[in-house]
Each structure stands twice: as structure tokens, then as C-alpha cells.
Amino acid sequence: MKENLNNKGLKTIFGKTKNGDTVTAYTISNDNGMSATIIDFGATVTKLIVPDKDGKGRDVMLGYDSVEEYEEGDKFFGAIIGRNANRICEGKATINGTTYQMDQNDNENNLHSGNNGVDKMIWTVMGFDDNSVTLICKSNDMEQGLPGDVTMTVKYLLTEDNELKIIYDADAEKKTIINLTSHMYFNLNGNENGLITEHVATINADHYNPVIDSKAIPTEENAPVAGTVFDFRKPKKIGEDVNKPEMQLEFVGGFDHNFVINGGTGNLRSFATVYSEESGISMELFSDLTGTQFYTGNAIRDQKGKNGVIYHNRAGFCLEPQFIPNAVNFIPEGDIDSPIFDVNEHYHTESIYKFSIK
């Protein structure tokens, strides 16, 4: 079923969850042929159409065709992650002197908030028009093993400058962790068109966080990228170094590391550009957060995606703005780079994904 709301965007039924809840898709668009489709399950971006160098729209977003696949999938395709993105060592978080135990769902660690993450919840749509959709979700006290109810809102806004903006806001009723991100997987050739190894990436980061071992918990060190495979300060093909016999890459099967964005936390700044010569599409990313997790789809293994396409290793990449992984356990409360927010301390952040033809 399709429904136009006063020519203010397209609303469709996407399917039903295993519990019988209806999942709705909301498509927003601009006048340049760009559109994004977001479902209220996980506030997930399921489709992102971007015109290529010939003016043909390409869906640059990896994803699934059905609600069932999003429910059962473990790749977090396109979903909002919360209340905490990335990994927490052994799932233990100390807040205000009290240690809380979260799910240990990834090599004894907590990944993306565990089994009760907001990526598996139905969000409520608070506003919808031709170029934006706003969704709200509540994570209950101790639902993820963390204290306090947290109310989160996410607004997707598609501008006439071909920017997909994601605006995050959240408030907690107790001191707790708030660290949201989007887990969109991009392939600028189109989600059905092979690998991203020929994409050229630039990341404005002088430092990255090495991981301790294959469990992917980072050290507390901000290590220089200079002279390493992590140096993307000048344009470089993603595939140039991704398979090199370097211990940091071997630990996690490629790039799956946090890059510390140059410039101060809280300042919206450009931090990365990725370009595909094949499609001509360039994507520039902006964030006001501390870092971004650069992930090269290392765990994608013969994954059935949209339209029956089989995604393989390196079928997509992620750039996930966030606080440094496991920061709750080594950055002091009150520091601007800490993910701990007190009662009445409002969480707000923005990410921008700007598309153009190069």
C-alpha cells in the first residue's frame, strides 16, 4: 500500500515483524533525483538513490528486502545504533562509581548495545514531509544493562545540495551512556555492483586507535597514522592496503578502527571523502564528534541482500561518527570526549553525507 501525504513524501507498508507489528517505509527526496527510504524498524535507511555521472540513479546503500531479514540480520545494515555504538570491553561500564554489566555479544565484549539495541526496535514517527522524517525511541532503565530511561530522536533531512543530514538528540533520566551513530554501508557503484576496493578514500585524521587483539577493543593510545597503512590523509584506494600482512589489519580482517578526526569535538567539520571513478559519485562526510569508525565490511560473508544480490567481503564500507570505542572506561566523566551524560545534560550531534559528481 502506498500513500501520498499532501505530496509531502511517500509512505508505504514495508512488512510485519515476527510479532505482527507493521513496519512502515518513508521515502524523502529532493529535486535533483536523490531520495532516501527509512523504515521505522531501527530507524533504518534501506535505500539511498544518488544520480551518477550519467544522471542515472544508483542505490548506494547495502540492505535487505524484508523485515524478517532486518530482524534476523547481524550486520546492522543502515540502522541507528544506540544507546551505545561500538564495543565496550567485557560489556562492563563504570558510571558514577558503579559498574554495570551489558550483554557480551561479541568476543566477550558488548557490541552496539547488545540484544536490546534500538536497531531492533520500532521507532515512532514524529514528523514527515517531502524531504525529512523524524523518529523517536525510548530505551528503558536497565534495558541494555545501563541505568536510566533514555529518549532518542533522529531526524533525516535531504537537502537540495544533495546532503543527507542526520540530526541526533537524546535525554536521560539518570547519568548514563549516550553514543549514537548510523551503521550505513555504502557502495558508490551501487549496492549490487561488486566491491569497494577501488573506491578512493581520504580521511582527515592524524591519529587512530590501535586494537589490542582480534577482539577489537582499542588501546587508549592515539597512534600516529604517518608511515602506516592507516594514513588516508592523501587520497588512497581502499583496496591498496586493506589486505596487507599488517598485524592491526590481520586482527580484524581489514580496517575496523576508530580514526580521531582532526579539529575539536563539537565543531562540525569535514572529515572524509570517498570517490568512485566508475560511477563518478563522490561522498563527503561531516561530523562534530571525536572520531569515526572506518569499517571495510570484513565480516560480510555471502550475505543475501536486496533483489537477491549476494554481498561479499568488501561489498560496502562504513564511516560511523561516534565517541572513541570503550571511552566510558578510560576517558573521565565530564570530559568533552566522554560518552557519559548526566540528567539534564542534552545530547546533540549532527552528521552530513554530501554527494556530488567529480
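1. What is the volume of the largest pocket? The largest pocket holds about 580 Å³. A pocket here is an open set of points on a 1 Å grid over the protein atoms alone, where a 1.4 Å probe fits, with protein on both sides within 12 Å along at least five of seven lines; lining residues have an atom within 4 Å of a point. Points are joined across faces, edges and corners, and the volume is the space filled by probe spheres set on them.

2. The model is predicted: local features need pLDDT of at least 70, side-chain atom pairs count only at pLDDT 80 or more, and totals for chains, interfaces and linings use all residues. Numbering starts from 1 along each chain as its sequence is written, and side-chain values use heavy atoms, with hydrogens and water left out.

3. The largest pocket is lined by 28 residues, and those closest to its centre are Asp 74, Phe 76, Arg 87, Asp 106 and Leu 111. Its lining consists of 8 nonpolar, 11 polar and 9 charged residues. Nonpolar covers Ala, Val, Leu, Ile, Met, Phe, Trp, Tyr, Cys and Pro; charged covers Asp, Glu, Lys and Arg; the others, Gly among them, are polar. Helix H2 (247-252) and strand E25 (291-295) each supply at least two lining residues. Helices (H or I, at least four residues) and strands (E, at least two) are DSSP runs, numbered from the N terminus.

4. The second largest pocket has about 280 Å³ of space. Of its 13 lining residues, Phe 14, Thr 37, Thr 46, Lys 47 and Lys 306 lie nearest the centre. Strands E2 (10-16), E3 (22-29) and E5 (44-51) give two or more residues each to this lining, with the largest share, 3 residues, coming from E2.

5. Asp 256 lies in strand E22 (residues 256-260). Asp 256 counts as buried because its relative accessibility is 9% (buried is under 20% relative accessible area, exposed over 50%, partly exposed in between; 1.4 Å probe, protein chains only). Apart from residues up to four places away in sequence, Asp 256 touches Arg 87, Val 211, Gln 293, Phe 294, Tyr 295 and Asn 298, where contact means heavy atoms within 4.5 Å.
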